[in-house]
Amino acid sequence: MIRVVTLDPFDDKQLAKLNRTLYTAFGVGSEHSGSAEVPPGLGDPLDAEKLLDQVKGIRAYQDDKVLMLTARKLKERELPSGVAPTQGFARQGKDRAVITLQPHKDLEVGFKPVARHALHQLGHLWELHHCLDPRCSMYPPWTPSFSQGEPIFCTFCREKSEQKIRLAKS
Amino acid sequence: MPEGSASLQQLAVGDRVVYPNQGVCRVTAIDAKEVAGQKLVFVTMRREEDGAVVMVPQAKVVAIGVRKVAGPEDVKAVFAFLRSDSDKADLDWKQRARTNLDRMTQGGILGLAEVVKDLQVLSELRPLPTKERELYDNARHLLVSEVSAALGTAEVNAEDAIDIVLFPPGRERPKRTAAEFAREGEDDLGLEGDLLGLDGDLDLPSDEEPASESDEESSSEEGGEESEEKESSEESAPKKRGRPPKAKADAPAEGGEPAAPKKRGRPPKAKPPEAEGAEPAAPKKRGRPPKPKPPEVEGAAPAAPKKRGRPPKAKPAETED
């Protein structure tokens, strides 16, 4: 089950549409499970890693994946090989991910790229790696063509995610 | 000998090692056990990813390719390699598969990086086949987990660090052509030799021969039936039918003329005339009683018209009359 938790106010219709997209992509149920508050002291560009650790008040079952949605900007990550633009963050194989609406104003305007980022981060939660296919949502998200694609997976990633979901079902 | 294996003699409990094709493991025990009367020292390793346990005799550790986890300096070398322009992927799939297998088992972290880089470069030329896509995913997974272990960061950060080098931000991957991969003194894809060989095999003779055989078969099958029909028709009423082209074609074949059928060059058609050299005996030898009968029936055509036709059709005709 995918649980979408909002950290800022969003339009319910757009959230329902996002849930439908996630359901289509993964084949598991997806619902809006309420909202949560951003912990104080995380700064304006939010530190995604700290955010995942510190957000409280989210209820989920063991195999559930929680996708947090915020309208605020996420801080870019300093990595050994450079700076990674961050529009979302998820730890491989864990149960929480966060994506931002930035640079789009609202979900309606930037629905496709945001949904694609959502698929990407949820894919990481199901242990998918980055993909070579530019049409796939697991393609590296900082590439120029990423935001222009559809929120879909390539065959390989789709099959792998299905396999992981099947194995994860308790 | 795989890189990093030289220091395995001082393996201790708690060390992190890399088991080829399995990933990062932690040594949980080194103890002696008696197996089949022999006392062996086993190294017990637990895979960090999922907790799977493997026991390896200490004497085999180096031979298997177990090595210590790479250090930050090795990771820097990996980034430098991934950043470099070593984009000469091998287009011979057999050679590539063999090389990649060696790299995966014996190549160390740099071997994993080479597999990832080569397959990524190859994917810029054409989509990877399923097996290589799986290999790419495995190599990437092992590389990410080892870089993550070496740098002490989360896997997602390790993967992003690798991909920032492979897919620089703001830049699209280049489209490649086969000419870029051509080595000196080789053809474009290295396939032309094979293709030419196939072409040679598939050249005119092979195209013609099977076709002629099939023609012969079909003509022999069809021709056999046709010839029998024609024979029967000739015997029964060759003049009455009055189809000049067919009669001319059949007449020389069945007329027993020795030269005409041979010129046509169709063995199945040529053979029946030889057998039909004794025309009166030929239809009996073929042993199809129903077909020789029609001439007899036709011979007594006015006497028994009911025998000719199909019973259901003939009866309504009678009733109509």
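Leu51(A) is buried in this predicted model, because 21 other C-beta atoms lie within 10 Å (buried means 20 or more other C-beta atoms within 10 Å of the residue's own, C-beta atoms being placed from the backbone). Leu51(A) belongs to helix α2 (residues 48-54) of chain A; helices are DSSP runs of H or I with at least four residues, strands are runs of E with at least two, and both are numbered from the N terminus. Leaving aside residues up to four places away in sequence, Leu51(A) touches Val38(A), Leu42(A), Leu46(A) and Val98(A), contact requiring C-beta atoms, placed from the backbone, within 7 Å. Val38(A), 13 residues apart from Leu51(A) along the chain, has its C-alpha atom 7.4 Å from that of Leu51(A).

Strands β3 (residues 65-70) and β7 (residues 96-100) of chain A pair in the parallel sense over 5 bridges; pairing requires at least two DSSP bridges between two strands. α3(A) packs on the sheet, touching β1, β3, β6 and β7 of chain A, and its direction makes about 160° with that of β7(A) (angles run from 0 to 180 degrees between N-to-C directions, with axes fitted to C-alpha atoms, for helices over the stretch in contact).

The open sheet has 5 strands in the order β2-β1-β3-β7-β6 (chain A), with mixed pairing. β2 (30-35) and β6 (88-90) of chain A stand at the edges with a single partner strand each, so one side of each lacks a neighbour in the sheet.

Residues are numbered from 1 along each chain as its sequence is written, and chains are lettered from A and ligands numbered from 1 in the order in which they are written. As the model is predicted, local features need pLDDT of at least 70 and side-chain atom pairs count only at pLDDT 80 or more, while totals for chains, interfaces and linings use all residues.

Key
A residue is buried if 20 or more other C-beta atoms lie within 10 Å of its own, exposed if 12 or fewer, and partly exposed in between; C-beta atoms are placed from the backbone. Two residues are in contact if their C-beta atoms, placed from the backbone, lie within 7 Å.
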